[in-house]
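Please follow this account with the structure open beside it, since the paragraphs move from single residues in loops to the contact between the chains.

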Amino acid sequence: MIEQFLVVMVTLVCAPLVGGLLFGIDRKITARMQGRFGPPVIQPFYDFFKLLGKEHIAVSKLQFVWIYGYLVFMIVSLLFLFMKSDFLLLVFLLGFASVSLVLGGFSTKSPYAHFGANRELMQILAYEPILLLLAIGIYAQNGSFLISEIFKQEKPLLFTLWPLFLAVLYVLTIKMRKSPFDIATSHHGHQEIVKGVTTEYSGPYFALFHLAEWYEIILLLGIIALFWTNPLWVGILIALAAFILELFIDNIAARMTVGWMVRLSWSVGLILGILNIAYIYYTKGVS
Amino acid sequence: MAIAILLPVAAGILILAVRNYYARGAVVILTSLILIANSVFFAIKGPFTYTPGGFNWGLLITILDYGILIFYLYIGFSLRNWLVLIFAATQIIPLAYFEFVMKANIQVTPAFVVDHLALVMTLIISIIGSLICIYAIRYMYDHEHHLHLEKSKQSRFLFWLVLFLGAMNGLVFANNLVWLYFFWEVTTLCSFQLISHDRTQEAVHNAARAVWMNSTGGTAFILAIIYLYATQGGSAALSVQNLIGGGIQASVILLPIALLCYTGFTKAAQMPFQSWLLGAMVAPTPVSALLHSSTMVKAGVYLVLRLAPVYAGTYLSIIIAIAGAFTFFATSALAVSQSTGKRVLAYSTIANLGLIIACAGINTPLSIAAAILLIVFHAISKGLLFLCVGTIEHQIWSRDIEDMEGLAAKAPLTTIITAVGILSMFLPPFGMLIGKWIAIEAAYTVPLAAVFFVLASTLTIVFWTKWLGRLLQVLPKIQQPFEKLSPSYSVPLWTLLIGIFVVGIGIGPIYQNFLLAATNNVVSGNQIFALGLNNLILTSASLLQRDILGLFPVWPLYLVLIIALLMPLLLIGLKPTELRQVYMCGEQTGGTDTDEWLAEADKKTRFQLGGYYYQNALGEKRVNPWANTIAILLLAIMIGCGVIVI
């Protein structure tokens, strides 16, 4: 019980610290790739506290409910990961977090927020099946959706689930809001003037959005680390490598259209996933 | 037993006689209360069998059978609808052959078997169906008021509505296949009368379509009965308990079973039969609510689920799983492209029925449990949602989702209830999601079904979120007090709303005490009376508990529920220092209570937003040809599975 409580506390406190730091590193590296010097690594924290101190201005009261929903459900799904609970339920909860963000966009009568929300919805359509297929892949491999089961396995998931790993990298690009999939709003404001689904958030509420994103990056990298849990440090290294890879992709790609993203994900991503599961099914049989 | 089946008939006739609005309402409410009390009494009493005596019921049922079929012939003639005519003839001729040429003895004892699955069904039918009848009292009054009808047809409408409940109760209790067929036809008849109630050309046309599509199912039903009777020698083969109890080797009777599953598919409006249920949307909303949540389509799923142990382990089972999963996927995609609230709900119903049928086809204890859970949760949520759409319709006189834009400001109470209803369809911690979760877990044995589940469940998120987004879009400063609803509206709405929470939170105990037994009934081929109830449940109960409840991380679900309940409190608790108009590139007019901006030549213009419906990618014209072709192929393979074994 005490151990569980500790895990919860560490998750709540450390995850955003590491997440914010990662975003600082992201900005630094991106700047260097573009031949700029870049802000200090802890710039995200400066931004965060500055936003917190701003006036509470909003365009709709429903907005807060949904931005809190985004934050809280992101934290809950992260807790599911760290407490080694059910992976399938984690994906559903992550889906609800994203739905909250979409509904936040829809709850105002703002054309920009609506564009962003509709695009965010298409992003969910693009990545959610891949994560669910990953859940099924894990089930096929371990006979359970429990993350704790993954930790008990000697052989890393990456060996059998590498096609799904490639597909999950695709998810990572979408969820990190990196080009070519920065459709709903981009992580850095490099290709847009009005910031999509977050257009109508300002001050402290926008700070909450950032906070949720910090939790989210830890969650995503955590999911990638699951591919190599024994020993875990290899998984973490893989996750960090994936993170750096995303930065490269971001800087060499331009934003593509929504339709292209969904088509690519539903063709290449899904085929990778389905073939992967079919392979396990026919080699292992029904467990 | 008499109360469950015959009381609705008697009450219906009484309603026809009563012409006063209040007296009629009182009769409906009284009937509903008795039905609910009776079903709860049954549930407490536990399983039993019953054979009515003292009167030749079999003869009465035969006469009524012909009555219904001749009525179909009549509507076929009067509407010049050849399909109705043909499929009425294909039922009446085999039926006559069966009874006069084969001189069949159709005595089956016990005539009625009430096991745990039937108990679950009758609770759903009696409670949710009754609530919908209560709702209909006021709804039909408003409906006719709006249409400015001179002659009231409310009595007729309520007659068929109440009769429907009796027929459904009979259907789930019946053990004799011939009687089951009779109740099956009565539900088809009720649905024809209710769909065509408004007597517009469209309504009659769509009702006729419902009849002929369901008549193809009826024909398959008759053929299955004749086949069973002829090959298995006599009336013993007509007992449902005997069929599923493993008394007959499955491979021998696979063809009639495939035919019966086909019948279930027609009634559950699975692809390619989805069009009759969509056409049924022209009817007044209580009809849709009844057809979708507790009756009619649930009869189709019930039959497929009931027969699950017979086809377990055969290829038929796998094909049923894939066909159901395909319907789940294709109709979820179609729902994304719909802009009419009721059509979205209809597609979502068909999708969820597909999921339930797929679970029956997967045919493991886990998936059967998922199917039963889904039946319960779906009935409550969908019943609520249809009643919500009806209430919205009587406030804005439109079913179009685009017209519901900003409903949160106009009718806050209805919006909140609708929002909870929508959320309960796809979000944690509500029941539907738990059902889906178990379904995906169970689906691994049929990987193709699992893939369809994954895709469909994502599409589900998309169309529900889109709709919810339209409802909740508000301008900063427009706020209204809660609207007042007639008690005939609000009582069913609140009851179902509370039901969602009670069943969602109490899923653990409800499953263990009640649904587990129903699952056992289905899985074990229901030999409750042959083997002794206690033994069976004890042995497989421990197995199932480990399988299902052991995997429920229950506490995190409660955590999520608490958070979900606390979130709306933020609305009251948070007070921004200022509410402003949205960003419009500096061209907004300034007021927070308008949605005007300065367009060309600084003219004040209201701006409008619309939802996306992706017609080019997912419209009916685009998807239907493909989806129907695949569905027909799957059906052909399904029947083929039965034939090849011979």
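In this predicted model, Arg80(B) counts as exposed because its relative accessibility, 59%, is over the 50% cut-off. Arg80(B) sits in the loop that runs between helix H3 (57–78) and helix H4 (82–101) of chain B, and its phi is positive, about 55°, although the residue is not a glycine. Most residues other than glycine have a negative phi, and most peptide bonds are trans. Met296(B) also has a positive phi, near 45°, in a residue other than glycine, and it belongs to the loop between helix H12 (285–294) and H13 of chain B. Is Met296(B) buried or exposed? Met296(B) counts as buried, because its relative accessibility is 0%.

For chain B as a whole, 65% of the 646 residues count as buried, and the chain contains 28 helices and 5 strands. Of the contacts in chain B between residues at least 6 apart in sequence, 82% join residues that are at least 24 apart.

Thr327(B), in helix H15 (residues 315–336) of chain B, is a further buried position, so counted because its relative accessibility is 1%. Once residues up to four places away in sequence are set aside, Thr327(B) touches Gln270(B), Met271(B), Ser332(B), Ile350(B), Ala351(B) and Gly354(B). One of these, Met271(B), is joined to Pro272(B) by a cis peptide bond, with omega about 0°, and Pro272(B) is found in the loop between helix H10 (254–267) and helix H11 (274–279) of chain B.

Chain A also has a cis peptide bond, which joins Asn230(A) and Pro231(A) with omega about 0°; Pro231(A) lies in the loop between helix H9 (203–225) and helix H10 (232–252) of chain A. Elsewhere in chain A, Lys175(A) is part of helix H8 (residues 162–175) and counts as buried because its relative accessibility is 5%. Apart from neighbours within four places in sequence, Lys175(A) is in contact with Ser98(A), Tyr127(A), Glu216(A) and Leu220(A).

How do the two chains meet? In the model, 59 residues of chain B are in contact with 63 residues of chain A, and the chains bury about 5900 Å² between them, 79% of it on carbon and sulfur atoms. The count between them is 1 salt bridge, in which the side chains of Glu405(B) and Lys109(A) meet at 3.5 Å, N to O. Helix H20 (431–442), helix H21 (447–472), helix H26 (554–573) and strand E3 (578–579) of chain B each supply at least two residues of the side that touches chain A. H21(B) gives the most to this side, with 16 residues, and the residues of the side divide into 42 nonpolar, 9 polar and 8 charged. E3(B) also pairs with strand E1 (residues 57–58) of chain A, in the parallel sense and over 2 bridges, and within E3(B) the bridge partner of Ala58(A) is Leu579(B).

Note on methods. Residues are numbered from 1 along each chain as its sequence is written. Chains are lettered from A and ligands numbered from 1 in the order in which they are written. This is a predicted model: local features need pLDDT of at least 70, side-chain atom pairs count only at pLDDT 80 or more; totals for chains, interfaces and linings use all residues. Side-chain values use heavy atoms; hydrogens and water are left out. Helices (H or I, at least four residues) and strands (E, at least two) are DSSP runs, numbered from the N terminus. Buried means under 20% relative accessible area, exposed over 50%, partly exposed in between (1.4 Å probe, protein chains only). Contact means heavy atoms within 4.5 Å. Buried area is the accessible area (1.4 Å probe) that two parts lose on being put together, summed over both. A salt bridge is a side-chain nitrogen of Lys or Arg within 4 Å of a carboxyl oxygen of Asp or Glu. Ala, Val, Leu, Ile, Met, Phe, Trp, Tyr, Cys and Pro count as nonpolar, Asp, Glu, Lys and Arg as charged, and the others, Gly among them, as polar. Two strands pair if DSSP finds at least two bridges between them.
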